[in-house]
Amino acid sequence: MTIGFIGAGKMAQALASGFIASRVASVDKLFASAPSMESLQGIKEKINNINVTTDNKDIVRKNDVIIVAVKPNILSQVLKEIAPVIRSENLIISVAAGIRIPAIEDPLPNGTRVVRVMPNTPCLVGAGASAYSLGTYAQSRDAETVNKLMSAVGLCEKVPESLIDAVVGVSGSGPAYMFVAIEALADGGVKAGLPRHLALKLAAQTLLGAGKMVMEIGAHPAELKDEVCSPGGTTIAAVHTLEKNGFRGALIDAVLESCNRSRELGN
Ligand SMILES: NC(=O)c1ccc[n+]([C@@H]2O[C@H](COP(=O)([O-])OP(=O)(O)OC[C@H]3O[C@@H](n4cnc5c(N)ncnc54)[C@H](OP(=O)(O)O)[C@@H]3O)[C@@H](O)[C@H]2O)c1
């Protein structure tokens, strides 16, 4: 299978690098387009020998699977541009936040197979979290293709499209919240006397480890939290401070804000 990216920014780079690292695609089978050779510089630097072009239509002509990874506000313009060269073999995968399936299908020829995917940037390191919804004409083999690609770079779940905005709120935007958390944990460590590089390493590994425990042990996070809070100990004192400062409420609000913004983009 050859895969063509339209748009060569952060998400295209994360997915393309992840596909190569997981061996789901080799570099000679990956193509990318962007408006200028300058815009393609980043993906060329990350992925040696990737095939590049400034012609979006060329990507559609040369590949069956097309991943459209442009900003949501220009998606419709790009879909209109490629519509005349769409073939029955093409599967169009959109990763644009907020843009709903009817709006993706509308500019394309009737019957075009479309899948809407919401990935996140940890796909770059094989630890992505993606959810997808099938378009009107997508078939079970298209679900298999998307599952194969996205599972190669992390977790992949099929959801009804009505839930995609909520997925944006949790995992699409989520890495940013966790980067802030890592930075803040490290700042705390530095304030308490740790060298910066060590504080950052410990903080990042702690988030990684906590996530791994939830996924692998399968216990409720509240149970795991209780286990590390000994009576009168250090951890419960810290948890008390987090609760007083609205830690849970801030995260819940962040998810809802991102989800609402995704809905707004869709309108
Ligand atoms: N980043 C994330 O964490 C994340 C997570 C989930 C979903 N997404 C979705 O992924 C999509 C891409 O996001 P991103 O973060 O990768 O954005 P980005 O880094 O800005 O990349 C957008 C790419 O599209 C190119 N482009 C602009 N106009 C184009 C055109 N007419 N034809 C072809 N390519 C064009 C840009 O080139 P120039 O540099 O020349 O403008 C750039 O290479 C968005 O729809 C976003 O909602 C992103």
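Q: Over residues 161–265, what percentages of the chain are helix and strand?
A: Helices (H or I, at least four residues) and strands (E, at least two) are DSSP runs, numbered from the N terminus. Over residues 161–265 the chain is 83% helix and 0% strand, with end C-alpha atoms 15 Å apart. The unreviewed UniProt entry annotates residues 161–265 as "domain: Pyrroline-5-carboxylate reductase dimerisation"; such annotations may be inferred rather than shown by experiment. This is a predicted model, where local features need pLDDT of at least 70, side-chain atom pairs count only at pLDDT 80 or more, and totals for chains, interfaces and linings use all residues. Residues are numbered from 1 along each chain as its sequence is written, and side-chain values use heavy atoms, with hydrogens and water left out.

Q: Which residues come nearest to the ligand?
A: A residue is near a molecule if one of its heavy atoms lies within 4 Å of it. There are 23 residues around the ligand, and Met11, Ser39, Asn56, Val70 and Ala97 come nearest. By class, this shell has 15 nonpolar, 6 polar and 2 charged residues.

Q: Which helix gives the most to the shell around the ligand?
A: That is helix 4, with 4 residues. Helix 1 (10–21) and helix 4 (72–82) each supply at least two.

Q: How far is a backbone N or O atom of Met11 from an oxygen atom of the ligand?
A: A polar contact is a pair of N or O atoms within 3.5 Å. For Met11, the distance is 2.7 Å. A polar backbone atom of Ala8 is 3.0 Å from a ligand oxygen atom, and Lys71 brings a polar side-chain atom to 3.3 Å from one.

Q: Which residues does UniProt place in the feature "binding site"?
A: The unreviewed entry lists Ile6, Gly7, Ala8, Gly9, Lys10, Met11, Ala69, Val70, Lys71 and Pro72. Although spread over 67 residues of sequence, they cluster in space, with a largest C-alpha distance of 14.0 Å. One of them, Gly7, has its place in the loop between strand 1 (3–6) and helix 1.

Key
A polar contact is a pair of N or O atoms within 3.5 Å; within protein, one must be able to donate a hydrogen and the other to accept it, and residues adjacent in sequence count only if both atoms are side-chain atoms. Ala, Val, Leu, Ile, Met, Phe, Trp, Tyr, Cys and Pro count as nonpolar, Asp, Glu, Lys and Arg as charged, and the others, Gly among them, as polar.
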